[in-house]
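Here is a short tour of a protein chain, meant to be read with the structure open beside it. We begin with one residue, step back to the whole fold, and then visit a second residue.

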Amino acid sequence: MRASLAAATRAGDEPVPVAELGEPESVPGLTAWVLVRDDFAVASAWSFLHGTDCGIYAVGTVPAWRRRGLATTLLRHILAVAEQDGARTATLQSTRMARSLYESLGFTAEGRYEEWISQ
């Protein structure tokens with residue numbers, strides 16, 4: 001289901017009661033998503049539709065709820081909605097932990113993102 005960005009941010013780390021999900025933001029193309037189990041949001045992601053590409057961001061599942069296919073279910077839903085809304089491609093950045101999840105959904109590695117830190 002759709003939720004506020006603040007609730008979706010929390011739901012990747014801790015269960016968020018349905019009553020605290022808030023109203024979705026009204027930014028065109030930007031959607032915060034949560035997956036609810038037992039009246040708590042326990043997985044989340046953001047999507048941003050830009051032209052015909054859907055960017056996927058901040059995918060997370062509460063640690064106690066991991067390895068149950070929840071992120072897969074949530075991402076399949078997000079991708080289906082994006083396709084209905086005109087997306088023809090989807091892009092994201094992955095951690096090593098999530099790589100097999102994204103590969104199972106048909107994503108392929110196309111490059112490498114490097115992070116630089118000033119010391």
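## A residue in the interior, and the fold around it

S44 has a relative accessibility of 1%, and because anything under 20% is classed as buried, S44 counts as buried. Please keep in mind that the model is predicted. You will find S44 in strand 4, which covers residues 40-50.

What does S44 touch, once residues up to four places away in sequence are set aside? The list is A8, A11, G12, W33, V34, A58, V59, G60 and L74. With G12 there is also a polar approach: a polar atom of the S44 side chain lies 3.3 Å from the backbone nitrogen of G12.

Now for the whole chain. The protein chain has three helices and six strands, and read from the N terminus their order is β-α-β-β-β-β-α-β-α. Its C-alpha trace spans about 40 × 35 × 35 Å along the principal axes. The radius of gyration is 14 Å, which agrees with the value near 14 Å that a compact globule of 119 residues would have.

Of the 119 residues, 35% count as buried. Among contacts in the protein chain with a separation of 6 or more, 49% are made by residues 24 or more positions apart. The chain exposes about 8000 Å², and carbon and sulfur atoms supply 51% of that area. As for charge, there are 11 positive and 14 negative side chains, and the centres of these two sets lie 8 Å apart.

Our second stop is A90, which sits in strand 6, residues 89-91. Is A90 buried or partly exposed? Its relative accessibility is 25%, so A90 counts as partly exposed. Leaving out neighbours within four places in sequence, A90 is in contact with D53, C54, L79 and F107. A90 and V27 are separated by 63 residues in sequence, and their C-alpha atoms lie 19 Å apart.

The two residues can be set out together:

| Residue | Relative accessibility | Class |
|---|---|---|
| S44 | 1% | buried |
| A90 | 25% | partly exposed |

From S44 you can look towards its contacts, including W33 and L74; from A90, towards its own, F107 being one of them.

Conventions: Residues are numbered from 1 along each chain as its sequence is written. This is a predicted model: local features need pLDDT of at least 70, side-chain atom pairs count only at pLDDT 80 or more; totals for chains, interfaces and linings use all residues. Side-chain values use heavy atoms; hydrogens and water are left out. Helices (H or I, at least four residues) and strands (E, at least two) are DSSP runs, numbered from the N terminus. The radius of gyration is taken over C-alpha atoms; the globule rule is 2.2 Å times the number of residues to the power 0.38. Buried means under 20% relative accessible area, exposed over 50%, partly exposed in between (1.4 Å probe, protein chains only). Contact means heavy atoms within 4.5 Å. Accessible areas come from the Shrake-Rupley method with a 1.4 Å probe; for residues, only the protein chains shown count as cover. Lys and Arg count as positive and Asp and Glu as negative; His and the chain ends are not counted. The place of a charge is taken as NZ of Lys, CZ of Arg, CG of Asp or CD of Glu. A polar contact is a pair of N or O atoms within 3.5 Å; within protein, one must be able to donate a hydrogen and the other to accept it, and residues adjacent in sequence count only if both atoms are side-chain atoms.
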